[in-house]
Amino acid sequence: MASFQTLPGFRECYPEDLALRSHLFRRWRQAAGVFGFAEYDAPVLEPLDLYRAKSGSEIEAQLFSFTDKGGREVALRPEMTPTVCRLVGARANTLRRPIKWFSIGEFFRYERMQKGRGRCFHQFNADIFGEAGPEAEIELIALLVQCFAAFGLTADDFYIRLSDRNLWFYYLEALGLDEPRARTVLTVVDRYEKNGDAAFTAYTDAFGPLPEDLKARILAFLGVKSLPALEAMLAPLGAEKLAARLAEWRQVLTALDAMGWGSFVTVDLGVVRGLAYYTGFVFEAFDRRGDLRALAGGGRYDNLVKKLGGPDLPAVGFAIGDMTFSLLLEQRGLLPPLVSAPDVYCVIGGAAERLMAFREIHALRAAGVRVEYPLRDLAFGKQFKAAAESGARLALILGGDELARGVVKVRNLGQRSEVEVPRDAVVAHVRDFLAGNG
RNA sequence: GCGGCCAUAGCUCAGUUGGUUAGAGCACAAGAUUGUGGAUCUUGGGGUCGCGGGUUCAAAUCCCGUUGGCCGCCCCA
C-alpha cells in the first residue's frame, strides 16, 4: 500500500472512470455544438478577489485558496461564471451578439464530502450574453434538456423547475412588502422546502412576525405548479409589471412546448437559488424520484459582468455537474458498456514474423484501424485467447506459412471463420469488413 | 465546522469467548498447451489486518487517540 494518500475529497480516475466521464463530455459537447455554442477554456487558478467581488468574503471558507510565491492571493476556481464574465467583458465590443459560449472544466470547493458532492468535480457550463429577452432563456433551457435527453433520459427521469426572482419581487411588491422585506422572504422561500415553517424565523428575526394573510399568500404562490394557475393568482393584483412578466413566462413555456419539451418544465416558484446575483428567471434540474441533489442549475444574471468590471451586458447561464449526473445515469441503467476494444488483434508466428507483421500493423493503424498485438512472443494458443479476450472483431494471423506465401489469414472472431488475403489487400479488406459491420 | 456508521489482498468479504505462520471467491500471472478461443486443472505473486499507542503470556479481535471513507447537518456559486 502506498504511503501517500489521495487528498481528502479528491478522486482518482482509472481508465474505466475516465471512459464514463469522457462519454458525458462527448455528448454534452455535441449538444452544445448543434445549438451553436462555441467552446472556450480558462485558467483553473484565479485571483481570490474575483470570487470575493462576486460573492463576498464569506465565500473564502469554501475555496481552495492560498498565497502564491509572488505574494498573490489565489484560489482554485469553484465555478466558471466569474471567469467567463471576465473573458466576455474584456472583448464585449468585438464579439458578435448573441454570445453563446460553453465550457467543460474541473472545479474545486473546500467542502465536506457527500453523496454527489466532492472537493473536485467537473461541470458543463453554457451561457448566453447580450440578449436581455426571454429568447435567451428559451435557447438555454432547450440546451439543458438536450444535454439530458442525449443520454436517453426522459421526462419520467428528470424535470426542470422554472422560477423567477423578478416575479417574486413584483408579487411581494404588490402585496405591499418593501425591498428589504422581499429579499428576506426570498431567503425564507429558499429554505422552506427543507425546513418548513421554521424557515420563517429568518423573517421574524429581522422584521417581526409576518401577518398571517401575507404568509398564506406567499405559501399559495409557492404551491403554484402551472402557468394557468399562476395567471389566475396574479390577475386580480392587476399590476402592470406582473402582467408584462407573465407575458414573458408564456413566451418561454410556449416555445419549449413547441419544441416538444413542455413536459420537462414545471412552474415552481420554490426555486430561488441561494446567491443574490440572479436577476430574473432561475431554474434547476432535478431527478423525478427526488433522491438526488440538484442535477443542474442556472438563471439570469444581468448585473454580474458589469459588477466584475465589464460593460453592462445581460447574461443567462447554467451548469451541469458530473457527479450527480453520473449517479442518475447509473440509477437508470443508462451507462453504455464503455468497453475499450481494438478492431484487430494480430497473432504473430515468432520473432521473424513479428518484423514482417509490423508492415501490416503500421499500415492498418495509418488507415485508422485500432490494432493490438502481443508485445512479447507468445504461443499461438495464448495469442488466440488474448485475441478473444481483447474484444477485437478480427484476428490477423501472421504466421510463417502465410507470410511465406505472401498472404495473411483474417479470422472473424465472432463467427470463427477465416479467409486468406494477400498482404497488399489486408488494409482494404479490414476496412471494408469494419465499415460493413459498423 | 458538527453528528452517526465504518476501515482485513486490486474488488467483494470470512476470520470463533483474544490463541500457532490471517483465509475464500473474483481478478491478475505462469504452466498443462510450439498453429486456433473466453473453459478446466495445477501453481504463483499480492497483506505493516488504515496508522499510532495501551491492556495482555498472547491483539485483526479489547481500550484510547489519529487518519481516511460512507451517510447526514451547515453550505451549496
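Two residues are in contact when they have heavy atoms within 4.5 Å of each other. Keep that in mind as you click around this predicted model, where local features need pLDDT of at least 70, side-chain atom pairs count only at pLDDT 80 or more, and totals for chains, interfaces and linings use all residues. Residues are numbered from 1 along each chain as its sequence is written, chains are lettered from A and ligands numbered from 1 in the order in which they are written, and side-chain values use heavy atoms, with hydrogens and water left out.

**Stop one: the whole chain**

Colour chain A by domain: domain 1 is 15-331 and domain 2 is 344-436. These bounds come from an automatic or database domain assignment. Their C-alpha centres lie 53 Å apart.

**Stop two: Asp-268**

Now select Asp-268, in the loop between strand 8 (265-267) and strand 9 (281-287). Helices (H or I, at least four residues) and strands (E, at least two) are DSSP runs, numbered from the N terminus. Is Asp-268 buried or exposed? It counts as buried, because its relative accessibility is 5%; buried means under 20% relative accessible area, exposed over 50%, and partly exposed in between (1.4 Å probe, protein chains only).

Show what Asp-268 touches: leaving out residues up to four places away in sequence, you'll find Arg-161, Leu-162, Ser-163, Val-224 and Lys-225. With the side chain of Arg-161, the Asp-268 side chain makes a polar contact at 2.6 Å. (A polar contact is a pair of N or O atoms within 3.5 Å; within protein, one must be able to donate a hydrogen and the other to accept it, and residues adjacent in sequence count only if both atoms are side-chain atoms.) Look at Gly-270 too: its backbone nitrogen lies 2.9 Å from a polar atom of the Asp-268 side chain.

**Stop three: salt bridges**

How many salt bridges does the structure hold? There are 30, each a side-chain nitrogen of Lys or Arg within 4 Å of a carboxyl oxygen of Asp or Glu.

Pick Asp-287 and Arg-332, whose closest N and O atoms are 2.6 Å apart in a salt bridge. This pair links distant parts of the chain, 45 residues apart: Asp-287 is in strand 9, and Arg-332 is in the loop between helix 12 (322-331) and strand 12 (344-348). Asp-287 is buried at 2%, and Arg-332 is buried at 16%.

Asp-377 is partly exposed at 48%, whereas Arg-354 is buried at 13%.
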